[in-house]
Amino acid sequence: MSGAALGLEIVFVFFLALFLLHRYGDFKKQHRLVIIATLLAWYLCFLIVFILPLDVSTTIYNRCKLAVNSSPADSNGSYITVAPSKQKCFKPWSYIPNGIMPIFWRVVYWTSQFLTWILLPFMQSYARSGGFSITGKIKTALIENAIYYGTYLLIFGAFLIYVAVNPNFNLQWNQLQTIGIAAANTWGLFLLVLLLGYGLVEIPRSHWNGAKRGYLLMKTYFKAAKLMTEKADAEENLEDIMEEVQKVSESIKYNHPLRKCVDTILKKCPVEYQERMGRNMDDYEDFDERQNSYPSEKSLVKLHKQVIYSVQRHRRTQVQWQILLEQAFYLEDVAKNETSATRQFVHTFSSQEPENKVIQYFYTPTVEWYWECLLRPWFYRVLAVVLATFSVIVVWSECTFFSTNPVLSLFAVFIQLAEKTYNYIYIEMACFLTIFFLSICVYSTVFRIRVFNYYYLASHHQTDAYSLLFSGMLFCRLTPPLCLNFLGLTHMDATISHKNTQPTAYTSIMGSMRVLSFIADGFYIYYPMLVVILCIATYFSLGTRCLNLLGFQQFMGDSEMTSDLIDEGKELIRREKRKRQRQEEGENRRREWKERYGNRDDSTRNRVVHTDQKESSFSETNTNRSLSKYTRSNGRTERDRIELLQDVEPLDFNADSISDDPLESDSGR
């Protein structure tokens with residue numbers, strides 16, 4: 001089993017990252033380099049989280065083996081661990097041989113740092129650029145990132161000057177490397193505590209509110225009202241951009257040098273707009289014959305960028321609206337079925353996607369009723385209590401992990417108790433649950449936050465390239481300080497435990513933070529205590545209230561604006577529900593008409609065709625060719641009239657289809 005656990009987790013984490021990226025990204029439409037870079041960033045970050053417990057168990061075994069082989073009364077006092085009996089010091093099932101983990105961590109860490117500080121920012125600017133050539137996009141990306149890279153070089157230079165001026169330090173390559181790692185981890189820890197303070201409270205609270213059907217339904221109505229406003233704004237913005245594109249397309253003719261740029265812009269437009277603009281593209285007159293003012297290439301680059309953004313936003317709002325409608329309809333069905341006497345779940349609308357037969361066989365309407373109406377609320381309540389307990393333990397440990405005598409951090413107590421009995425399975429499970437919960441609190445916040453329309457992770461393949469790359473940057477910057485914080489909570493970091501024991505392979509790659517004592521002994525220890533203040537602020541929804549005061553509508557139960565938006569969203573959902581009911585009723589009537597009169601129409605058509613064949617054969621034998629020609633044409637006209645009358649299907653009354661414009665009605669006929 002040596003190294004087998006490492007290989008299995010490497011494969012499992014890859015498919016996990018691929019699954020999440022497929023849920024948020026679009027493999028068919030987005031650039032392959034964007035998909036590969038984002039997948040690599042997510043994969044490396046998830047890999048660190050899953051492999052670190054194996055590093056901890058391997059380190060505990062190495063300490064045990066070293067303590068057995070070394071003398072307890074070492075004159076140097078290099079290791080203070082008491083030598084246990086040789087029977088207890090057995091090799092764990094997931095033991096990783098010496099020399100593999102340092103190389104593994106070095107490759108993973110520096111690859112993630114190269115991605116987050118150099119490659120991904122450059123690809124962000126490249127993806128958002130409206131250039132028409134690779135050279136133009138690269139030039140735009142370099143210009144946009146000049147200030148970005150210069151800022152971080154300035155910060156690194158400040159650390160370098162501090163170390164150079166201090167006479168106690170001798171500049172060496174290892175120390176310079178440690179300074180760079182310290183600067184990156186300091187930035188990541190600053191953001192980590194902010195996201196962690198929000199997730200520790202919001203995740204248990206969201207699961208507790210998930211058990212309240214009325215709360216979820218009201219919040220869905222609120223989201224519907226906000227999303228309808230955003231959807232209308234996206235449609236209006238797209239219309240304005242398409243008007244500009246049409247003006248540019250009409251002004252720049254086919255033989256203009258910039259016509260290739262215009263064709264590139266037209267390809268990014270929706271199909272209905274391309275067809276509308278294509279009707280006016282029959283003019284091949286020379287662009288030099290008339291003295292018109294043509295747009296410059298720079299303005300076309302800007303227009304191209306606006307087209308990409310507006311089309312992506314319009315498509316995302318359309319998909320999100322359909323998803324929100326399905327969610328609202330389902331919550332309304334749950335509210336109706338709670339009082340059902342038959343205890344069978346009845347849906348108002350049938351599912352638009354084909355269901356799996358296996359799931360449909362086991363997940364019957366009766367099972368669905370018991371799960372949705374009885375078991376699911378209690379399951380969410382129990383899960384919320386468990387998550388809240390974990391949150392309390394994390395907050396307590398963040399405030400007390402610096403205390404080594406006595407040990408107050410609960411995570412350190414759990415690990416040390418397991419270390420005495422060398423129960424490696426318990427050690428790995430405790431480490432995995434701890435770091436997994438911390439990762440969920442941080443990463444879920446990254447998936448939830450939204451910075452206007454510039455950064456937004458939308459599911460169902462609706463996330464743009466810029467947001468995917470930005471999420472990869474955040475993950476790569478947050479994961480290393482998250483792991484160091486976890487090692488500090490469990491006292492596996494020698495900087496926190498103040499013990500001269502063998503460090504983990506991950507800590508050895510990070511280097512000794514003693515080079516910068518004010519960071520190792522000050523910022524890394526006392527800054528995580530701010531998580532208490534952030535948790536209190538999140539519990540009382542201070543951030544939500546501040547955003548609501550600034551004009552950003554947030555869901556608050558005691559706000560008049562929230563009540564108005566709930567009423568508006570409820571009316572929108574009711575309108576869409578009536579519209580879908582009319583559509584299903586019309587489809588059902590058409591289906592019944594075809595089932596009832598389909599065979600009769602086929603027999604009538606056969607009789608008419610047979611009669612026409614007789615008439616045509618009789619007219620061919622007639623000597624008068626002019627009369628036979630008239631008879632055939634008259635019979636064919638009568639046959640066409642009969643068939644047209646028979647093909648008519650019953651029409652459903654729809655007030656939206658009635659137009660006051662007679663030209664539109666004629667075109668419809």
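Hi everyone, and thanks for coming. What you see above is a predicted model, where local features need pLDDT of at least 70, side-chain atom pairs count only at pLDDT 80 or more, and totals for chains, interfaces and linings use all residues. Residues are numbered from 1 along each chain as its sequence is written, and side-chain values use heavy atoms, with hydrogens and water left out.

Let's begin with salt bridges. I call it a salt bridge when a side-chain nitrogen of Lys or Arg is within 4 Å of a carboxyl oxygen of Asp or Glu. By that rule we count 10 salt bridges. I'll also be naming helices, which are DSSP runs of H or I with at least four residues, numbered from the N terminus.

Which residue does Asp 233 pair with in a salt bridge? The partner is Arg 313, and their closest N and O atoms are 2.7 Å apart. Asp 233 sits in helix α6 and Arg 313 in helix α9 (residues 297–337), so this pair ties together parts that are 80 residues apart in sequence. Arg 313 is buried, at a relative accessible area of 8%, while Asp 233 is partly exposed at 37%.

Arg 580 belongs to helix α20 (residues 560–620) and Glu 326 to α9, so here the parts tied together are 254 residues apart in sequence. Arg 580 is buried, with a relative accessible area of 12%, and Glu 326 is partly exposed at 35%. There is also a network: Arg 213, Glu 372 and Arg 376 are joined by salt bridges that share partners.

Now a pair inside one helix. Arg 205 and Glu 202 meet in a salt bridge of 2.9 Å, N to O. They are three residues apart in helix α5 (residues 173–210), which puts about one helical turn between them. Glu 202 is buried at 14%, and Arg 205 is partly exposed at 23%.

On to helix α7, residues 259–268. Its buried residues are Arg 259, Cys 261, Val 262, Ile 265 and Leu 266. Looking down the axis of α7, they fall within an arc of 155°, so they line one face of the helix; the arc is that of the directions from the helix axis to the C-beta atoms. Turned away from that buried side are the exposed residues Lys 260 and Lys 267.

What about the surface? Patches here are made of residues with over 30% relative accessible area and no salt bridge, with like charges joined within 9 Å and nonpolar side chains (Val, Leu, Ile, Met, Phe, Trp, Tyr) within 5 Å. Trp 93, Ile 425, Met 429 and Leu 433 make a nonpolar patch of about 390 Å², with areas from the Shrake-Rupley method and a 1.4 Å probe. Leu 433 is in helix α13 (residues 424–448) and is partly exposed at 41%.

Trp 117, in helix α3 (residues 100–128), is buried at 16%. Trp 117 and Arg 477 are 360 residues apart in sequence and 8.8 Å apart in space, C-alpha to C-alpha. That's my tour, and I'm happy to chat!

Conventions
Buried < 20%, exposed > 50% of the residue type's maximum accessible area, 1.4 Å probe, protein only. Helix = DSSP H or I, 4+ residues; strand = E, 2+ residues; numbered from the N terminus.
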